[in-house]
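We will go stop by stop.

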Amino acid sequence: MHTSTLVRVTLRCCCIFVFVTIIAGYLFTFYKEHLGVYRTPQEIKSLTISDSSQVTYQTWGEKGNQTVVLLHGTGANSFIWKDVAPLLTGQGYYVIAFDIPPFGWSQIPKNQDYRKEIQGERLASALKGLQVH
């Protein structure tokens, strides 16, 4: 294969990849914003925490009940609890599921520090802001 042919094939593949990525981004944004994904029983809420980041969360159940906090793993978001949270509220719990930064709807922190200790401090600040003891 000639070098010029290889360059043309590579450029075509790159253009197709960029096009597919852009379309996927638009579709994902449309899906999230217009079809209400992640917005289960109640609207997503947000809270400004100690490092000035916005952390988003979802709640289910009655606030006065005993609280259960649900946390997702790396690369996930609070939506993964959409089937579990109603089961817990059925048992009488108040459920809070956080979007740990930078995932879900939470804001990317300015310092972009995601060490376990820092994420723990963010969670502690969010719980304090929600008056969960």
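A residue is called buried when its relative accessible area is under 20%, exposed when it is over 50%, and partly exposed in between. Keep those cut-offs in mind. This is a predicted model. Buried residues make up 31% of the 133 residues in the chain.

**Stop 1: the whole chain**

Switch to a cartoon view. Follow them from the N terminus: the order is α-β-β-β-α-β-α. Now think about contacts between residues at least 6 apart in sequence. Of these, 60% join residues at least 24 apart.

**Stop 2: the largest nonpolar core**

Nonpolar side chains in soluble globular proteins tend to be buried together. Which residues form the largest nonpolar core here? Select Leu47, Ile49, Val55, Tyr57, Tyr94, Ile96, Phe98, Ile100, Leu123, Ala126, Leu127 and Leu130; these 12 residues are the core. Colour the elements next. Strand 2 (54-60), strand 4 and helix 3 each give this core at least two residues.

Go back to Leu123. Beyond its neighbours within four places in sequence, Leu123 is in contact with Leu71 and Phe98.

**Stop 3: an aromatic pair**

Show the rings. How many aromatic pairs does the whole structure hold? The search finds 1. Two values describe such a pair: the distance of the centres and the angle of the planes. Select Tyr57 and Phe98: their ring centres are 5.9 Å apart and their planes stand at 50°, so the pair is tilted. Tyr57 is in strand 2 and Phe98 in strand 4, 41 residues apart, and the pair links these distant parts of the chain. Are the two residues buried or exposed? Both Tyr57 and Phe98 are buried.

**Stop 4: the largest pocket**

The largest pocket holds about 170 Å³ of space. Select its lining: Leu71, His72, Gly73, Thr74, Ile100, Pro101, Pro102, Phe103, Tyr114, Gln119 and Leu123. Colour these by type, and you get 7 nonpolar residues, 4 polar and no charged. Ile100 and Leu123 are on this list, and they also belong to the largest nonpolar core.

**Stop 5**

Most peptide bonds are trans, and most residues other than glycine have a negative phi.

- Zoom in on Pro101 and Pro102. The peptide bond between them is cis, with omega near 5°. Pro102 sits in the loop between strand 4 (94-99) and helix 3 (116-129).
- Stay in that loop and select Gln112. Its phi is positive, near 45°. Gln112 counts as exposed because its relative accessibility is 52%.
- Move on to Gln131, in the segment after helix 3. Its phi is near 60°, again a positive value. With 60% relative accessibility, Gln131 counts as exposed too.

**Stop 6: Gln54**

Finish in strand 2, at Gln54. Is Gln54 exposed or only partly exposed? Its relative accessibility is 26%, so Gln54 counts as partly exposed. Show what lies around this residue. Leaving out residues up to four places away in sequence, Gln54 touches Ser46, Leu47, Thr48, Ser106 and Gln107. Last, draw a line from Gln54 to Pro101, C-alpha to C-alpha. The two are 47 residues apart in sequence and 8.4 Å apart in space.

Note on methods
Residues numbered from 1 in each chain as written. Predicted model: local features only at pLDDT ≥ 70, side-chain atom pairs only at ≥ 80, totals over all residues. Heavy atoms only, no water. 1 Å grid on protein atoms, 1.4 Å probe; cavity = no way out; pocket = protein on both sides within 12 Å on 5 of 7 lines; lining within 4 Å. Points joined across faces, edges and corners; volume = space filled by probe spheres on them. Nonpolar A, V, L, I, M, F, W, Y, C, P; charged D, E, K, R; others polar. Helix = DSSP H or I, 4+ residues; strand = E, 2+ residues; numbered from the N terminus. Buried < 20%, exposed > 50% of the residue type's maximum accessible area, 1.4 Å probe, protein only. Core = buried A, V, L, I, M, F, W, Y, C linked by side-chain atoms within 4.5 Å. Contact = heavy atoms within 4.5 Å. Phe/Tyr/Trp six-rings, centres within 6.5 Å; stacked < 30°, edge-to-face > 60°.
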